Amino acid sequence: MSASTGVFLLSLTAVPVAYSLNLAFQLSWGHWTVFLVGVGALAFVTTATYFIVKSAKHRITDPWFYVFSIFAFTSVIDMVIALELDGVIDNFVTFYLKEGELYLNTAHGTIINYWDGTGHYCMYLMMVTAIVWKQSYREVALYWFGSVMVSLLIFLPGNIGGKYGSEVRASYFLNVPYAILPFFILIQKWNEKPTYDWSPKQAPATQKKSIWRRPLDLLFILYLIFATLFSFLRVLAAWQSPFGLPKTYLNDYEPYFKDPVLYPKIHAEVYWFYYVPCYLCSIYGLLYPGKSWIPDLTLIHAGASAQAQISHMFSSVHSRTPYIYRIPYSARPLVYSLNALLLIVPQVMAWKFTYYPQFFASLKSQSESSAANGQMKAKKGS
């Protein structure tokens, strides 16, 4: 059995572990006990992962293997939480929802658990498999970083400032590893060389083309301008601006921004303060060639957009959202279309810029690399 298969099977033990702990916690033992049991569960997964590594056929030296194994286990726990919140299953994590993280009993808490149990779970298994096969997982890691960090940017402040702010308990700090470790992974993977294959010979000719001769890039710029203006409209609506258009949008199209849980309001603020600078940087990179950081930025942006838009769109119509804050049926075609653009276009941009990065290639580094290779060949010849 390969180590990646071992991590997959280990993650599935989250289901019986959650059920067993729920039976043990039929009587309330307090939120500190719940926190300590959570820490103990993570220690159990770490120990089990250690034995998986020791029994692997091939040596595993990447320390992130342990991190992704633990996160895969918690992703299955999150899927169990989401299914219980929606009434699909019962008495698996009831104790945790009462004594642990009460703010998960919201539409936003439900949807982000679904995303962690599906999207993030697949990414963890992909990265674990890549580690076992000695392959690069740089692009997946960048995409995952964007997804998990925007989730925390909205989730953690919303827990403290929303209507469940007075119910924050010790289990809140179980999210700390998710807020710290991704930055170390980002630094390491950002400094690695990209693995995609492309012809550098095409870069000079591509970079000589103006934006008018690159119709797809022109469409991306038009989208980025639209996304900036739409983000401005949404943040004004979330702030309940008295101006006509934001007020109309808030009342008639997305009243979800008025939900006292604060997640939708913070969602709009994150778009304005974090996404809009990314939009402007992308426009700059599309107009001026040689910005080699653009493909990586779009990967992070694509992951962040996937998580943010899926959680926002589904939460706004979820049964746990009060009816008065849900998107009206008459407005859903327009609102879904606008929000779908914020979801889909970043994925297309990431694909295009990652696999066809000629316009963003640094010709200076290319020439220096070619010169170095030439010198090495000359030395070997002499």
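A salt bridge is a side-chain nitrogen of Lys or Arg within 4 Å of a carboxyl oxygen of Asp or Glu. I looked these up first.

**Setting.** I am working on a predicted model, where local features need pLDDT of at least 70 and side-chain atom pairs count only at pLDDT 80 or more, while totals for chains, interfaces and linings use all residues. Residues are numbered from 1 along each chain as its sequence is written, and side-chain values use heavy atoms, with hydrogens and water left out.

**Salt bridges.** I found six salt bridges in the structure. In one of them, aspartate 217 meets lysine 352, with the closest N and O atoms 3.1 Å apart. Aspartate 217 is in helix H10 (residues 215–238) and lysine 352 in helix H14 (residues 332–355), so this pair ties together parts 135 residues apart in sequence. For helices I took DSSP runs of H or I with at least four residues, numbered from the N terminus. Both aspartate 217 and lysine 352 are buried (under 20% relative accessible area, with exposed over 50% and partly exposed in between, using a 1.4 Å probe and protein chains only).

I then looked up arginine 138, which forms a salt bridge with aspartate 296 at 2.5 Å, N to O. Arginine 138 belongs to helix H7 (residues 138–161) and aspartate 296 to helix H13 (residues 294–315), 158 residues apart. A salt bridge also joins arginine 138 to glutamate 139, at 3.7 Å, N to O. Arginine 138 and glutamate 139 are buried, and aspartate 296 is buried too.

**Helix H4.** I checked the length of H4 (residues 64–85): its 22 residues should span 32 Å, and the end C-alpha atoms are 31 Å apart, which agrees. The expected span is 1.5 Å times one less than the number of residues. In H4, 20 of the 22 residues are buried. Glycine 87 follows H4 and has a positive phi, near 80 degrees.

**Aromatic rings.** I noted 28 aromatic pairs (rings of Phe, Tyr and Trp, the last by its six-membered ring, with centres within 6.5 Å; planes under 30 degrees apart are stacked, over 60 edge-to-face, the rest tilted). Tyrosine 275 and tyrosine 279 have ring centres 6.4 Å apart and planes at 70 degrees, so I call the pair edge-to-face. They are four residues apart in helix H12 (residues 263–287), about one helical turn. Tyrosine 275 is buried at 4% relative accessibility, and tyrosine 279 is buried at 0%.

Terms used. Helix = DSSP H or I, 4+ residues; strand = E, 2+ residues; numbered from the N terminus.
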